[in-house]
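Biologist: I would like to go through a model with you. For each label, please show me the value behind it.

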Amino acid sequence: MVNNAIIAAFGLDAANFEIKRFGSGHINNTFLLSAIGDDKKYVLQKINTNVFKEPAVIATNQRLAAEYLAVHHPGYLFITPIQTVNREDLFVWEGDYWRLIPFINDSTSVDQADNTKQAYEAAKQFGKMARYLDGIDMRPFKPTIPNFHNLTLRYSAFQEAIPQAKEDRKAAAQDTIEEFLRHSNIAITYEQLKTDPAFKDRLMHHDTKINNVLLHKTTFEGLCVCDLDTLMPGKLISDLGDMVRTYVCPVSEEERDLTLIHVRNEYFEALMKGYLEEVGATLTEVERKHLFYAGKFMIYMQGIRFLTDYLNGDVYYPIKYPTHNFDRAKNQLTLLQQLIKKEPELQAIIDQCLAQKA
Ligand code: ADP
Ligand code: MG
Ligand code: MG
């Protein structure tokens, strides 16, 4: 996999490093290079080109953001790839794209939020990046995955999958399909929002799972965000919504016991507080009014994506058993219903966070 030529391209000698697989990310191949005899470390990653068709766009977006941040917010820790000896951000070897990233010392990451402090710290890091990037010229930035969070498109794909599905799958999923269709107002709201200029285009992270934040290994204070592959133009609801989707529930999207799925108000509050403390002052009126909507948006989109894939015969998400995608869709539907049920009290939490911010 990793070989000496790749390491040499970045001006390092492989003989000086111990190399091992690293992290629990599912997208890229990640390796840790630890210098023998001192504590210098690097993260070496092979970009997954099945997911990212244009690795150069990832590199350009990160480079542009890094340059802006270095000028406007010097001292902010923004992970920037180390260039090759030929001053390139990526090294291409046998058709694979590699990059080298400085290892953040004393860092760790967690795969799920185990306490509200972690949720708060993580949200604060994503909020801080959004705040610091607010005002950057968006024009040179391109999508690294086109239409990634385009709910209109995801909704059309869902609608198209229904008549085309095999009869047994369609019959099995009938109630779930109907329930997701009953919530189509979530897709309609997005349709209206996306053309509203006050619903800002922002440089968003687009993958705000908690393991994409580096925390201090002993204090668990937030250090910085990592995994910037999907740093691209988007909307606030993507980053905020995916935190709601993945931090508030005590179990993951893989859980099949639906009785375990519920919304923990204290985690909702912690992440809202952390995020809004940072980004709150930059919000437009229309963004402020759609903070609760963010969670619905991301859970709904993920739910119909799983269901669409089930109806299409599991062509996108890897599955471990035949109804895996159907189970994931039911999981997300349950989470959506639980969130909506609590709207008044969760909106009150948002209002309180906004008032504290102002
Ligand atoms: P993936 O895209 O596969 O999710 P990530 O970029 O998130 O890959 O890397 C996987 C894991 O490696 C992260 O969750 C984090 O724990 C760790 N990691 C990534 N970059 C760094 C870094 N610069 N310093 C320390 N740890 C890192
Ligand atoms: Mg990751
Ligand atoms: Mg990633």
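Predicted model: local features only at pLDDT ≥ 70, side-chain atom pairs only at ≥ 80, totals over all residues.

Biologist: Let us begin with T144. Where is T144 found?

Modeller: T144 is in the loop between α3 (116-133) and α4 (151-164).

Biologist: What makes T144 buried or exposed?

Modeller: Count its neighbours. T144 has 25 other C-beta atoms within 10 Å. Buried means 20 or more. Therefore T144 is buried.

Biologist: Which residues is T144 in contact with, leaving aside neighbours within four places in sequence?

Modeller: They include F52, E54, V57, I58 and N61. D229, T230 and M232 are in contact with T144 too. T60 is 84 residues from T144 along the chain, yet their C-alpha atoms are separated by 9.9 Å.

Biologist: Now N28, in the loop between β1 (17-21) and β2 (29-35). How do you know whether N28 is buried or exposed?

Modeller: N28 has 20 other C-beta atoms within 10 Å. The cut-off for buried is 20 or more. Beyond its neighbours within four places in sequence, N28 is in contact with Q45, K46, I47 and N48.

Biologist: How many Å apart are T49 and N28, C-alpha to C-alpha?

Modeller: T49 and N28 are 8.8 Å apart in space and 21 residues apart in sequence. T49 is in the loop between β3 (41-46) and α2 (55-72).

Biologist: Why is T49 called partly exposed?

Modeller: T49 has 13 C-beta neighbours inside 10 Å. Exposed needs 12 or fewer, and buried needs 20 or more. The value for T49 lies in between, so T49 is partly exposed. Leaving aside neighbours within four places in sequence, T49 is in contact with P55 and Y97.

Biologist: And E94? What makes E94 buried or exposed?

Modeller: E94 has 7 other C-beta atoms within 10 Å. Exposed means 12 or fewer. So E94 is exposed. E94 is in the loop between β4 (91-93) and β5 (96-102).

Biologist: How do you know how exposed D314 is?

Modeller: D314 has 17 other C-beta atoms within 10 Å.

Biologist: On to helices. Why is α10 called largely enclosed?

Modeller: 20 of its 21 residues are buried, so α10 is largely enclosed by the rest of the structure. Its span is 31 Å from first C-alpha to last, close to the 30 Å expected at 1.5 Å a residue.

Biologist: How do you know that the span of α11 agrees with its length?

Modeller: α11 (residues 324-341) has 18 residues. At 1.5 Å a residue, α11 should span 26 Å. Its end C-alpha atoms are 26 Å apart, so the two values agree. Its buried residues include F326, L333 and L339. The cover over the buried residues of α11 includes α5 (167-182) and α10.

Biologist: Which residues touch the most other members of the largest nonpolar core?

Modeller: That core has 74 residues. Among those that touch the most other members are A119, V244 and Y247. Helix α10 gives the largest share, 13 residues. Another core, of 16 residues, lies apart and includes L33 and F91. In soluble globular proteins, nonpolar side chains tend to be buried together.

Biologist: How is the protein chain divided?

Modeller: There are domain 1 (4-69 + 78-103) and domain 2 (116-357). Their contact takes 16 residues from domain 1 and 17 residues from domain 2. The domain centres, taken over C-alpha atoms, are 28 Å apart.

Biologist: Finally, which residues come nearest to ligand 1?

Modeller: Of the 20 residues around ligand 1, G23, G25, I27, S109 and D227 come nearest. The shell divides into nine nonpolar, nine polar and two charged residues. Domain 1 and domain 2 each supply at least three residues of the shell.

How values were computed
Residues numbered from 1 in each chain as written. Chains lettered and ligands numbered in written order. Near = placed C-beta within 6 Å. Nonpolar A, V, L, I, M, F, W, Y, C, P; charged D, E, K, R; others polar. Domains from an automatic or database assignment. Contact = placed C-beta atoms within 7 Å. Core = buried A, V, L, I, M, F, W, Y, C linked by C-beta atoms within 7 Å. Helix = DSSP H or I, 4+ residues; strand = E, 2+ residues; numbered from the N terminus. Expected span 1.5 Å × (residues − 1).
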